[in-house]
Every structure is written in structure tokens, then in C-alpha cells.
Amino acid sequence: MSAVPTTPRRHHHESTTPAATPQTTRVASSHIVQASPHYQTTRRHSLYGTEDRVILDPGSRIWKVGFSGEGKPRDVFLAESDTARSLWTLNRASNPADREEEDRVLEAKLQACLRSVFHNSLLTDPKSRKVILVEHPLLPLHIKEIMARVLFNNLQVPSISFASSHLLALLAAGRITGLVLDCGHLETTVLPVFSFRPLYPHLRTTPLAGARLSSHIKALLLMFGTYIPPATSLSAAANIPAASRSVRVPQDVLTDKVIDEIKTRCCFVGEPFDTDPSGARASSPSGGGGGDNSSELDLPPSDPALSESDFSRVSAEIESSFSSAHAASSSYSVVSHSQLAGMDASHGHGHAGESRVQALATMYGRHSTATDIHLRVDPPPAQQTGTGRGTLIIPGWVRERAAEVLFDGGDVDESSVAEVILDCLLKAPVDLRRTLASTILVVGGTPMLPGFIPRLQAELVRAVTRIAAHAAPPPPSRSGRPRPATYDRYAALRPLLPYFAILNNPLPRPPASTHAAANAGKAPAFTPATMAWVGGSLAGALKTGGQEVNREKWDEAEAQPGEADMAVDDAPPRAAPAKNILPDWTRTPLPVGAPPAPRPPPVTGAVEAAAPPALHAQSVAG
């Protein structure tokens, strides 16, 4: 039998100073307290406790999941890992039968994703975990209902808390007031937040986002990219040079995975460059400019301005000329019919349209310093007769200037990323504009492009300072009256120029005011794509969040139609009670603002002294 170990005692000759304390005991104790070697924290997680909530940030393509109280998600994955497509789109079928079929398919996909979150990514029991769902303000209600139905009925979670992604992102930045821009895959949304209250009526959105960027990159590669197919034999690969085998890029090569890899690994945002002193945009040059730059000579002087978004818009005629299968998969893939329609009609107009597109490519290539990239890709199924993989050559100017489509505005329905911020500031109250302009936060996956945030700062300044001096003023309405002034869209925002500041700008400009100096680049160093999730993790650790829906309340709402009496056949269908308990800011009243200032109580003595004697006697008699 081994002897019981005794507690070691200190000898009298040992020093009692703290320097004599052995360091090995401290290291051993910290190793025992630590929960996991992969997470540097002393809090225990999925296998040991149920205090931490599950934070779900479900996007249309990429999901971010993890536990509250952690600084980064446990797992980030593609919802459609096989095809890299979106789970849902902005368009919904008009036919009720097709709509029900889409909802069933979407429910099956969401159920697979949510089961993978709990059973594969987090390794936890969903029955004992409360869920915080980071939702987009414009998330359709039917998608929210499908997620709640899967979480409650299938996984049986105790409760779901719905929190706004813009609000949580601002919480992660350590602010309670700011203007949050979320540039995701389907759309770009700007929402002002004041004193932790989202101002939903002032929300502005634009479809220029990651999906439009992907389609624009695909359109540019189809026109200006080069593809080298694999050689048919080893001897041909050694004897035939690659330049003689180069062809135009087939559409089957540019799959969604290849476009996503090009966008995330090869593309970046270049600096803006001017072509005339008036500040006109180089990405949408006009023939009437009077600049000294030689690139203006490449453009036809009689043609209107050629915008970047014209590259990525689609028409049925052009799509049918390429591939019907690809036309069914993407609605923004090739050059617009307005540019290339003349090519099919007559040769003269075709050369003019082609010269305009080629002039823009020549101008970008002349000003670009980026190098071409050779990317190894799988050959299309119809050409898999060679040895090895094909090579896709991406021009350097495509890598640098593909994101110009996000900053090229002027359209009423498709405002640029900078214009949607300025439009939101115009709709905001006047006394909040300075505070909102100095606390702009940019989040989302698309701002992860290198140079996106500094370029956005430059575009904000450019859009406000640009005066339409190159446009001819309108003629006077009557003879003898003064000519009306030229319309200046953002003249009311010009005093805010010294106050523009982006919280997470990695390269802030020299501040022009104290507000800009206190906020520019001061946000924590979280990536823009994870800001909303980090805010949800912080809210879960603080035991706060959005509106919470319990499972008991959900079960009661679902049981109401079965317990109620059957309505007559000709009665109009009513909404499901399950939808009524889900938070929806479009149907609920706006949150109550700050209470009004208390009024000072009136002085009773002065009132009685000022009152007439007859009224005073009447009041006493009454």
C-alpha cells in the first residue's frame, strides 16, 4: 500500500519573497482550468454546460455559427457546398403551386443545414440550447417562418431570439449610434441606428452587391479572358506552344465555384482616377469631357456614357445566342442587349458597339498595374479529352476594375454603394446627419475585397464634391427670366464633408474634424464579414438580444387553427398564427423614442393671485 502523500512545508531557511514561488505550479494550474487547447478561455462550452447560446448567422450563401462569448465563429461554411449557389433569391414564383414547391425545397435545404450546424459543426444537443438568429432587416417572412419551424418542430430548441444584423454589428464596434452598410451577396442595405434603435423607415437598399459582382466578373472573362485547353497528348504539350492553343473562355469553365474563387482570391478594388478636371468618373466616361488624358480619345465622342452596370445586365436574345442552360442558371451573365443588339442588326453598328466596349477595356488596361493571373481550372465536360487541366488567364485590369460595377451609380433603381449611403443621410433627420456621417460601419462579405473601404471613403467625398459643371444648364422657361440653377443632388450634404469617417477603415485619411479623428479607424479589428456574428456573441454573453419566441408559444400558435371552428368556404384565407408571433418590423409599431423632457410644475400661488375674484369665489363655492 502506497503512503498517503503529505503536504510539503516550507523550511525556515527558504526565503519568503514572491520571487521564490515556483513557476511550474502556475503553469500546471492554468492548464487544468483551461477548457480546451483550441480556445483560449476558462469558460466551458458545448460538452459541459448549456449557458452559452448558439449564434446563427444564416446568409443566402455562407453561414457562420458558434457559441456566445467567443470571439470568432466555430464554423463558416457554404450552404450549397456542391454548387456554391444561393439558398434563396430576391425573386419568388407568382404561381401558388410553384411557390409551394419552392418552399418545400427550401425547407429541405434549411433542415439539412441546421442539422449539420448542431450535429457536425457544434456537436451539441439542440434541445438544451437557446438560439440567437442574426437576421437581415429585409429577410422575407416566409424564410424566417421556415427556419423557425425547423428549429422548433424538428430540432426542438427551447427558444429563438431574432436580432437585427446591423444592430449587432454596431454593438461589436462598441457604438450605439451609427450608419451601418451591409454589402452581402444579394443586396446592399444601409440602416441608421440611433441610441440602439434601428430607424427602419430610413432604410435604403440597392441590388449592387456580391451577386452582381460575380456576374460582372463572368461577363468580363467571357469577353476579355483567355482559355488554354489541355493538350491532347504529351507530345503535343511539349511541341505545340500554349499561345497557339489559346481560345475564348467557354461558359462551362466559369462555374460558380471558379467565379467565387476568382472573386475572393484574385480581385481587389483599385483607386479611382479622374479623366477631367470637373471630377467626372473614369469608369463611365463621356465623350464631351475636355480632359487632357489620352484615354478620352479612345471613346466615340457622339455616343452616350457607358456605365459599368451595362456590362452585367442581361437580355433574353443575347442569352439565347450563347447557351440556354446557362441562361436558366444566371440572370446577370453577359453583356446587355442594348450594347450588342446592333452587332446582329448591321455591321456598321456592330463595329461601333464593339469599339465602345474595347475602348473601355483599353482605358482600364492602360491605367492598371496589376499582373495577369494563370488559374488552373477543370476543362468543360465536352472537351475532357486532353491530359491535365486547362489554364484560365485573367487579365490584370479585370482583377482591379471588376468592382467598378459597385461604385458606378446614376440609376434610380440601382444606386451605387456610395450613393445609397448619401440617400440614407438625406432621409435621416437633420440633427442626426453629422453623428451618422462620422460613425459609418461597413460590414458584409463583399467589403472583404482589399481596398473596398478606402475606395468607399473616396467615393463618398467624390459624390458630394462633384458638381454637374460638365452638364449643359437647362434653357430658360421664358425670355427675360433668369436661367434656373443646375440640380445638385447632394448639396445639402456638402457641409458634412469634414465629418465623414468609417469606423473600420484600415487606411483612414487625415482627419478634418474632431468627430472624424475620434471615429475613423477606431473599430475593433474584426473582419467585416463576422461583425454581425461577433455582435450576436456579445449579446448572448450579456444575456440580451432581440425579441424572443419560446417553443411553448410557438406550439400554441400552431395549435390554434386545429382548435378553432372551421370557417365557411367563401371566407378569405387568413394568415397562419405562427407567422403572427414572429417579429416583423413592417407590421409592428416603431419603438418608442426617448421620453419628453419633464415640464416644470406651475406655481399655484401666482395662478390664484392672477385669477379674477369672481372665478375664485365660484371655484370655492363649487
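Modeller: Two strands pair if DSSP finds at least two bridges between them, and helices (H or I, at least four residues) and strands (E, at least two) are DSSP runs numbered from the N terminus. This is a predicted model, so to speak of local features we need pLDDT of at least 70, side-chain atom pairs count only at pLDDT 80 or more, and totals for chains, interfaces and linings use all residues. Residues are numbered from 1 along each chain as its sequence is written, and side-chain values use heavy atoms, with hydrogens and water left out.

First, the setting. The protein has 23 helices and 14 strands, and 44% of its 622 residues count as buried (under 20% relative accessible area; exposed is over 50%, partly exposed in between, with a 1.4 Å probe and protein chains only).

Now let's zoom in on strand β4, residues 131–135. The rest of the structure largely encloses β4, because 5 of its 5 residues are buried. In a regular strand the side chains alternate between the two faces of the sheet. Here, V131, L133 and E135 point one way, while I132 and V134 point the other way, and all are buried.

Who sits alongside? Strand β1 (residues 54–58) runs parallel to β4, joined to it by 3 bridges, and I132 in β4 is the bridge partner of I55. β4 also pairs with strand β5 (residues 159–164), again in the parallel sense, over 5 bridges. There, V131 has I160 in β5 as its bridge partner. To get from β4 to β5, the chain passes through helix α3 (residues 141–154), and this β-α-β crossover is right-handed (with the strands pointing away from the viewer, the path from the first strand over the helix to the second runs clockwise).

α3 holds H142, which is buried with a relative accessible area of 17%. Neighbours within four places in sequence aside, H142 is in contact (heavy atoms within 4.5 Å) with R92 and D103.

Last stop: helix α4, residues 165–172. α4 is mostly covered, with 8 of its 8 residues buried; among them are H166, L167 and L168. After α4 comes G174, which has a positive phi, near 80 degrees.
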